[in-house]
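Look at the model first, then read on.

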Amino acid sequence: MKIFLDTAEISQIRSLNELGIIDGVTTNPSIIAKSGRKFQDVIAEICSIVEGPVSAEVIATTRNEMLTEALELVKIAANVCIKLPTTLEGIHTCNALSNKGIMVNMTLCFSAQQALLVAKAGASFVSPFIGRLDDIGHDGLSLIAEIREIYNNYEFQTEILAASARNSYHFTQCAKIGADVITIPPSLVESFIKHPLTDKGLEIFANDWKLTQK
Ligand code: E4P
């Protein structure tokens with residue numbers, strides 16, 4: 001499973017990227033707003049750090065405006081992936097961009113039907129939102145499993161990018177289901193590295209090693 005960072009925090013992207021475990025970055029307007037910087041500058045800097053796809057979301061809501069905005073965004077760097085909402089206009093724009101060979105991430109996906117349609121429109125990624133479905137009493141992980149089954153049935157090449165993932169259970173279940181990618185905040189990646197038994201074991205080994213030096 002590929003791991004994308006769901007953030008625009010440059011220092012965190014830089015330090016986790018150095019571990020060799022990061023395959024891309026996703027942003028959205030809310031995430032970039034937190035940086036207090038200009039949208040295009042943030043995307044350009046992230047693209048210079050990470051080799052994989054960096055999702056940049058369009059703000060326009062009509063097909064012509066989305067296309068114009070997307071064609072400007074892709075000029076920022078070769079690894080910009082255009083993030084579009086899963087709407088009628090978004091799917092139209094997805095089709096136009098994928099026909100031009102431009103990477104597209106279809107976001108705000110909340111149903112298997114939407115996922116099937118965006119795959120047909122040539123999306124590189126579909127982003128089903130696990131946490132936001134859980135928030136309203138649905139089962140976000142079931143949606144990931146449903147989409148996996150449907151994509152396998154028809155050999156769709158669109159990658160399932162599990163989004164709005166909030167905890168270690170979401171992470172491991174997505175890996176078990178076979179999500180192609182999960183996007184998570186840096187704090188979650190850092191928390192997965194740590195385990196109290198690792199720390200305790202290390203302390204025991206260090207103490208025992210001292211005994212061998214007497
Ligand atoms: C990623 O592409 C999404 O924008 C993000 O995962 C949404 O997460 P949230 O539901 O925690 O805001």
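Which element gives the largest share of the lining of the largest pocket? Helix H2 does, with 4 residues. Before going further, note that this is a predicted model, where local features need pLDDT of at least 70, side-chain atom pairs count only at pLDDT 80 or more, and totals for chains, interfaces and linings use all residues. Residues are numbered from 1 along each chain as its sequence is written, and side-chain values use heavy atoms, with hydrogens and water left out.

Start with the pocket. On a 1 Å grid over the protein atoms alone, a pocket is an open set of points where a 1.4 Å probe fits, with protein on both sides within 12 Å along at least five of seven lines; lining residues have an atom within 4 Å of a point. The largest pocket holds about 350 Å³ of space. Its lining counts 22 residues, and Asp6, Thr7, Asn28, Ile31 and Lys34 lie nearest the centre. Helix H2 (29-35) and strand E5 (104-109) are the elements that give two or more residues to this lining. Helices (at least four residues) and strands (at least two) are DSSP runs, numbered from the N terminus.

Around the ligand are Asp6, Thr26, Asn28, Lys83, Phe129, Arg132, Ala163, Ser164, Arg166 and Thr183.

A polar side-chain atom of Asp6 lies 2.6 Å from a ligand oxygen atom. For Ser164 the distance from a polar side-chain atom to a ligand oxygen is 2.7 Å. For Arg166 it is 3.1 Å. A polar contact is a pair of N or O atoms within 3.5 Å.

Notes:
A residue is near a molecule or strand if one of its heavy atoms lies within 4 Å of it. A polar contact is a pair of N or O atoms within 3.5 Å; within protein, one must be able to donate a hydrogen and the other to accept it, and residues adjacent in sequence count only if both atoms are side-chain atoms. Grid points are joined across faces, edges and corners, and a volume is the space filled by probe spheres set on the points.
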